[in-house]
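Have a look at it first, then read on.

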Amino acid sequence: MGLLARIRKEWFIIGIVLVILSAKLQPSVGVKGGPLRPEVTVAYFAVSLIFFNSGLSLRTEELTSALLHFRLHLFVQSFTLIFFPLAVWLLLRVLELTPIDQWLLKGLQTVSCMPPPVSSAVILTRAVGGNEAAAIFNSAFGSFLGIVVTPVLLLLFLGSSSSVPFSSIFSQLFMTVVVPLIVGQVCRRFLREFLERKKPPFGAVSSAVLLMIIYTTFCETFSNPNIELDPTSLLLVVLIIFCIQISFMLLTFAFSTTSGSGFSPADTVAVIFCSTHKSLTLGIPMLKIVFEGYEHLSLISVPLLIYHPSQILLGSVLVPTIRSWMTGRQKAVKLSALQPV
């Protein structure tokens, strides 16, 4: 394979490296209030574009089928909002005996209580070729559920409470997730023949948007002064976060591929990403609301600032591997179905 062909095939991974380096060199460009205005371009336009793109590309019958996949939805939401926080709480009982900054450990607990994101899990599921419709439903439903459940979990595990502006968060989610998805579906009805004939590069569009999200996320991370805290604690937290993500991805993979799970290989892809990803877009505003006035709010926020880019980075790196596994399994299923009984 020639160099250009290799670059064309691996453009997304190359793009990740380039945007991270760019964010490191000049983080002020992509921070909140900077020239790119991510508080508008990412929080509203980028997320809206992702779900409009999904609505335009997905067949209506696929979305309808995903809505009725109750077992998958129950698994994802239970793992994200029940198992995940409990598992991290047990882990922290051990980590409290270590010299790691205690406020960073509280930050790890807040990460576990967060809802799934409304963008990265969907884009990565699409990049692999998994059940995108199921990923869309669980990301959107989990985010709406998290508006109510996350503050309750924070109160339960950390003893903090505050009034949460449900209406404003709900309206933002509705306008950036539900409305673009519906508009995309309506447009698809009129453009179906054109779309099926031309086959636009929906995946490439979503991946390009994800590169923008990665860039602005790392700009925020690199420009945050609290990243310059105790290097040992910070390094240990980064390692712990990667261990949590890899362990939970393997765990969800194991559960969703058992013979009695009833999940297809495409379902497994959606389960892996939706169950293990956490929302920064909803998480930071919720932390600022629930921990308003806390002296250590910035330290509590650090693990979430690390978790979000690392989940995108890890997921993006694993896309080729997961895609190979999924296509292999799908071929095996088809071959077994064709064999005479």
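## Which residues count as buried

A residue counts as buried when its relative accessible area is under 20%. With that cut-off, the buried residues of α7 are Ser 120, Ala 121, Val 122, Ile 123, Leu 124, Thr 125, Arg 126 and Val 128. Put another way, eight of the nine residues in helix α7 (residues 120–128) are buried, so by the under 20% cut-off this helix is mostly covered. Just past the end of α7 sits Gly 129, which takes a positive phi of about 100°.

## The whole chain

Keep in mind that you're looking at a predicted model. Of the 341 residues in the chain, 50% are buried. Take the contacts with a separation of 6 or more, and 83% of them join residues 24 or more positions apart.

## Helix α6 up close

Helix α6 runs over residues 102–113. Its twelve residues reach 17 Å from the first C-alpha to the last, close to the 16 Å expected at 1.5 Å a residue. At the start of α6, a side-chain oxygen of Asp 101 comes to within 2.8 Å of the backbone nitrogen of Trp 103.

How many of the twelve residues of α6 are buried? Nine are, and the helix is mostly covered. Among the buried ones you'll find Leu 104, Leu 105, Gly 107, Leu 108 and Val 111. Gln 109, Thr 110 and Cys 113 are on the buried list too, and these three also turn up in the contact with α8.

## Where α6 meets α8

Helix α8 covers residues 132–158, and α6 packs against it at an angle of about 150°, with the axes 9 Å apart. The crossing of α6 past α8 is right-handed.

On the α6 side, the contact uses Lys 106, Gln 109, Thr 110 and Cys 113. Facing them from α8 are Thr 150, Leu 153, Leu 154, Phe 157 and Leu 158. Sorted by class, that contact has five nonpolar, three polar and one charged residues.

## A look at Ala 254

Further along, Ala 254 is found in helix α11 (residues 231–256). Buried, partly exposed or exposed: which is Ala 254? Its relative accessible area is 40%, so Ala 254 is partly exposed. From Ala 254 to Ile 272 is 18 residues in sequence and 9.7 Å in space, C-alpha to C-alpha.

Note on methods: Residues are numbered from 1 along each chain as its sequence is written. This is a predicted model: local features need pLDDT of at least 70, side-chain atom pairs count only at pLDDT 80 or more; totals for chains, interfaces and linings use all residues. Side-chain values use heavy atoms; hydrogens and water are left out. Axes are lines fitted to C-alpha atoms, for helices over the stretch in contact, and angles run from 0 to 180 degrees between N-to-C directions. Helices (H or I, at least four residues) and strands (E, at least two) are DSSP runs, numbered from the N terminus. A crossing is left-handed if the near helix is turned anticlockwise from the far one by less than a right angle, and right-handed if clockwise. Contact means heavy atoms within 4.5 Å. Ala, Val, Leu, Ile, Met, Phe, Trp, Tyr, Cys and Pro count as nonpolar, Asp, Glu, Lys and Arg as charged, and the others, Gly among them, as polar. The expected span of a helix is 1.5 Å times one less than its number of residues. Buried means under 20% relative accessible area, exposed over 50%, partly exposed in between (1.4 Å probe, protein chains only). A polar contact is a pair of N or O atoms within 3.5 Å; within protein, one must be able to donate a hydrogen and the other to accept it, and residues adjacent in sequence count only if both atoms are side-chain atoms.
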